[in-house]
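Subject: Structure for you to look at

Hello,

Here is the structure I said I would send over. My notes on it follow below.

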Amino acid sequence: MTGPPVTGSGHDDPPDGDLDILTGLRSGEHSYYPEYVRSVERLEHAVQALDRISGVLVRTAAGPRPLVEAVVRTAAAHLGAEWLLFAVAEGVLPAARPRFLAVISGELIDDENGLPAEVAGHLAVLRGRPWEIESPDRGQDWVRVSMTLGDEPVGGIAARPGTGLEVADTDRAILRVLANQAGLALHNSFLLHATTQLRGRSDQLYDATTRHARDLAARSAELAEAQRQLGAAMQRQALDDERHRIARELHDSVTQSVLSIGMTIEVCRGELATMVGPASQIAERLGPAKDLARHAAEQLRAAIYALNHAADEPAGSLPVMLQRLSTVDQPANLNVKVRLEGQPIPLPPGVEQSVLRWAGEALFNAAAHGQATCALVRLRYLPGAVTISVSDNGTGDPAQLRRALRLSSGGDLSGLHRGLANMLDMAENLGGTLSIRHSRAGGVLLRLSIPLPLPGVRP
């Protein structure tokens, strides 16, 4: 038995069509499929735009100009634009370059004179009225989006899309991303420019400070040298005054007394010479006394001359002063030679004066006590020391002098060998050593050795 067809078999009835399942649309309206196709196309277009944006972003490191060029070309390609303009508003990012850039029919233009009137009008808006960039299109065939930094409009992009292209919100968002990326690149360029200027100014200030520091160091050195010279001049003046005073006293008192002694001895000798017996023998013994008095007068005259003329002679190095000492300030019967070894180095004035006095004392002892007729002064400049030695051909005994020097540290010498003790004191004050031994000429060799660098010298 057959009956009417069964309409409900227990299975779910299929929907009105498979389109709803495939598209997710719950309507059988025929207009929804074209809308779905357009949505897919927009999605693919957006993905392509994102891919272009990623290509633009990697140009950031190349600098602002290549990035802006990539932005306008990418935006124009996305819109299929007949022309597209990018511009920075006036008064912002003053160091940003370029300030605007347009692409018209695939050609980049950065000269206002080459812009059509329509593009120039949009440039005026982007530059002077950035707050109007996002105004509604009002049915126009162009689109504008703003470029922002810190939520403030600083320029934007204007374009005429290709024929038949409907600009959706996603397209505007893509244009904003591109514009903001360009704005950020220009801002970074501005910061780099400002940083470079500050660094340049900092380098200039550092160089100027370095020059001033060098100038101050040089002036400080000059001031220290001037102070040293002033101190040396004051010391020389005090020494000159003292020398003049001693010279006057020697001339007015000691020299006159010595001359009187010599004259008295000569008168007595003359009277005794006329007598016979022991008187004539006494007259003969007074002969050496007369010679000693004459020799003492000569030494006094030499000392007075040296004291009066030391300040008038120009100062010189230690070798020069030693040469002068050997020719002017010594008795006539002592022949002195000066020998220099090594490269002379400047020493403090006080040290050179002490060395000069030491040499003068050694020469005086050679002539007065050692009865020497020849003396050799040897000044040696060594890498680690300065040495000066005085050797003579006199009758001095080095062993006796060393013994007397040891005894001088234990008590008063009552004037005996006082010069030798003074020489030892000068050596110790200079941080040096004094040695006494036989000379090759047969007399005594005195050597003063001063270590370098110089230790602290006591005044």
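Two strands are taken as paired if DSSP finds at least two bridges between them. With that in mind, Leu84 has Ala159, a residue of S5, as its bridge partner. Please note that this is a predicted model.

First, the protein as a whole. It has 459 residues, of which 33% count as buried. Its secondary structure consists of 10 helices and 10 strands. Where contacts link residues at least 6 apart in sequence, 63% of them join residues at least 24 apart. The exposed surface comes to about 27800 Å², with 56% of it supplied by carbon and sulfur atoms.

The rest of this note is about strand S5, which covers residues 152–160. What does S5 pair with on the S1 side, and how many bridges are there? Strand S1, residues 83–88, is joined to S5 by 6 bridges, and the two run antiparallel. The Leu84 and Ala159 pair mentioned above belongs to S5 on the Ala159 side.

Strand S4, residues 143–149, also runs antiparallel to S5, with 7 bridges between them. Here Arg144 stands opposite Ala158 of S5. S4 and S5 form a hairpin with 2 residues between the strands, and Gly150 in this hairpin takes a positive phi near 65 degrees.

Is S5 buried or exposed for the most part? Buried means under 20% relative accessible area. By that cut-off 7 of the 9 residues of S5 are buried, so the strand is largely enclosed by the rest of the structure.

Regards

Methods: Residues are numbered from 1 along each chain as its sequence is written. This is a predicted model: local features need pLDDT of at least 70, side-chain atom pairs count only at pLDDT 80 or more; totals for chains, interfaces and linings use all residues. Side-chain values use heavy atoms; hydrogens and water are left out. Helices (H or I, at least four residues) and strands (E, at least two) are DSSP runs, numbered from the N terminus. Buried means under 20% relative accessible area, exposed over 50%, partly exposed in between (1.4 Å probe, protein chains only). Contact means heavy atoms within 4.5 Å. Accessible areas come from the Shrake-Rupley method with a 1.4 Å probe; for residues, only the protein chains shown count as cover.
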